[in-house]
Amino acid sequence: KKKRRSKLSIVVYTLLALAVISGAVFAGFKVREIRLEQQIRYALGDGAKKASSDTYLGYLRALESFESILEVKPTPEALAARARVSAQLASELGAELEEAVQRTEAAANAKVADAAIARAHLAIAHLQIEDAEKLVEAAASQFPREATQVSYLRGLVALERGDFAAADKELEAALADRRPFPYVRLAEAQLELGRFDAALAAVGTALDLVERHPHAMIVRARIMVRAGRVAESNAAAELAEVRKEGGRELNNQNLGVSRAQVGWAAVALAEVDLAGGKRDDAVRALDQAIASRGRTDLRFVDALVAALLDAEEVSKADTEVELAKKTHPEHRFTRVMTARVAMARAHAGEALTELEAAGDLASFPSALALRGWAHLGTNQTDKAITDFDAALAMVPQLRSAILGRARADLARGEGKAAKRRLESLFDDIDRADQEVAIAYAEAIAASGDIDRARSVLTELGRRFEDADVFVALAGVERLDGK
């Protein structure tokens, strides 16, 4: 009996020992798994924090954090987080589009918000606006807690559509996400709507969040030009800083500047130079912008084309338009820039055809003004006035609309009304640009003050020695019966 009990005891003790060892091993594995999950959560948070700077280097460092997770454990959350930041890199900074496609596809089965947001950003990067709208609304339906992100994406889609009023509304709702790009994109919408003080406040907040944020400085420079305040700013110095940073090796950069941002900085610098009458400097900056062009960003191309036309580089502008037409012939921005070039070549009918095909321009003030000029060029003065008035209702200081509306007044023989409109643009013959000065002189002449009109045009002829000035002077002389 003792022997049987002894053998039984051994079996029992052995089983107990195995149970204890198994439990210890299981507990060890469980502790290891818990620690791994904690490390993954930390790395995900760390990556999100790096990405929140909305800078080139911030996005790249975030991707490194997510890659470190995926090397250990390819969780759906890490795949989706990597896809989202990669897609943001493509849509916000025009970089690594092919990689964004691959990373978003790798997260296709991840049923988390980051994956849905990544798909929307990728569609925006490809300028697939209708697809982007559907993906944004799908994200809104599936992930109601992501309301701020959904508003931001809706704002981006509206910007790419040229619907700046809708962009303004949606991006205002996205400001709960305290990072630079919602403020920068809001400022871009407000810039197009002529809300310059609000736009400057928005980029100011972006720069408070991330000091010397490259895109915020680019947009601030463009606002100062449009607002006529470039002389009181250090826009040129800030743009030089962005371009210098973008010219360094990436490991020597502070915040990181993408190739697309270098292009935007060059366009903004050209706008600054043109505002200061430095055409040759502007042309050099525009050539650098063309050289920095990456993926097709139609808002960038539209700004580039407008600056090239202001610099009288019509052939270069035409080349940019033709490139855009190869990839996105039906896009609103492509049609608007095609119309810009057509008007520069005095083809008003062709411009009008493009603008009518561009759809509703009610929230696109500069395009409305352009269509007004096309209507003037096809002798449709009443329609031109409707367009100019609509543009001026949104942006009262829009130069092209003021000048166009004054031209419409002159077409109706209303010289005094034209003169009143142009006084906001013409205060000194030594500072006035040629186009405004000619229109102002013609308005003065139509109001009956021939001597003053002659004086303005004579002085203008000394400054510019341009055929248009002498044609206008001849017209004034005819009014005087000479």
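## The second largest pocket

A pocket here is an open set of grid points, on a 1 Å grid over the protein atoms alone, with protein on both sides within 12 Å along at least five of seven lines. With that in hand, let's look at this predicted model. Its second largest pocket has a volume of about 270 Å³.

The lining of this pocket is made up of 17 residues, and those nearest the centre are Ala48, Ala51, Ser52, Arg84 and Gln88. Two elements, α1 (2-51) and α3 (76-93), each give two or more residues to that lining. Sorted by class, the lining residues of the second largest pocket are seven charged, six nonpolar and four polar.

## Helices α23 and α25

Next comes a helix pair. Helix α23 (residues 434-446) packs with helix α25 (residues 467-479) at an angle of about 0 degrees, and their axes are 10 Å apart. Angles under 35 degrees count as roughly parallel, so α23 is roughly parallel to α25.

On the α23 side, Gln434, Ile438, Glu442 and Ala445 take part in the contact; they meet Asp468, Val469, Ala472, Val476 and Leu479 of α25. By class, this contact between α23 and α25 has six nonpolar residues, two charged and one polar.

## Aromatic pairs

The model has five aromatic pairs. One of them joins Phe164 and Phe364 in an edge-to-face arrangement, with 5.1 Å centre to centre and 90 degrees between the planes.

Technical notes: Residues are numbered from 1 along each chain as its sequence is written. This is a predicted model: local features need pLDDT of at least 70, side-chain atom pairs count only at pLDDT 80 or more; totals for chains, interfaces and linings use all residues. Side-chain values use heavy atoms; hydrogens and water are left out. On a 1 Å grid over the protein atoms alone, a cavity is a set of points where a 1.4 Å probe fits but cannot get out, and a pocket is an open set with protein on both sides within 12 Å along at least five of seven lines; lining residues have an atom within 4 Å of a point. Grid points are joined across faces, edges and corners, and a volume is the space filled by probe spheres set on the points. Helices (H or I, at least four residues) and strands (E, at least two) are DSSP runs, numbered from the N terminus. Ala, Val, Leu, Ile, Met, Phe, Trp, Tyr, Cys and Pro count as nonpolar, Asp, Glu, Lys and Arg as charged, and the others, Gly among them, as polar. Axes are lines fitted to C-alpha atoms, for helices over the stretch in contact, and angles run from 0 to 180 degrees between N-to-C directions. Angles under 35 degrees count as roughly parallel, over 145 as roughly antiparallel, 65 to 115 as roughly perpendicular and the rest as oblique. Contact means heavy atoms within 4.5 Å. Rings of Phe, Tyr and Trp (its six-membered ring) pair if their centres lie within 6.5 Å; planes under 30 degrees apart count as stacked, over 60 as edge-to-face and the rest as tilted.
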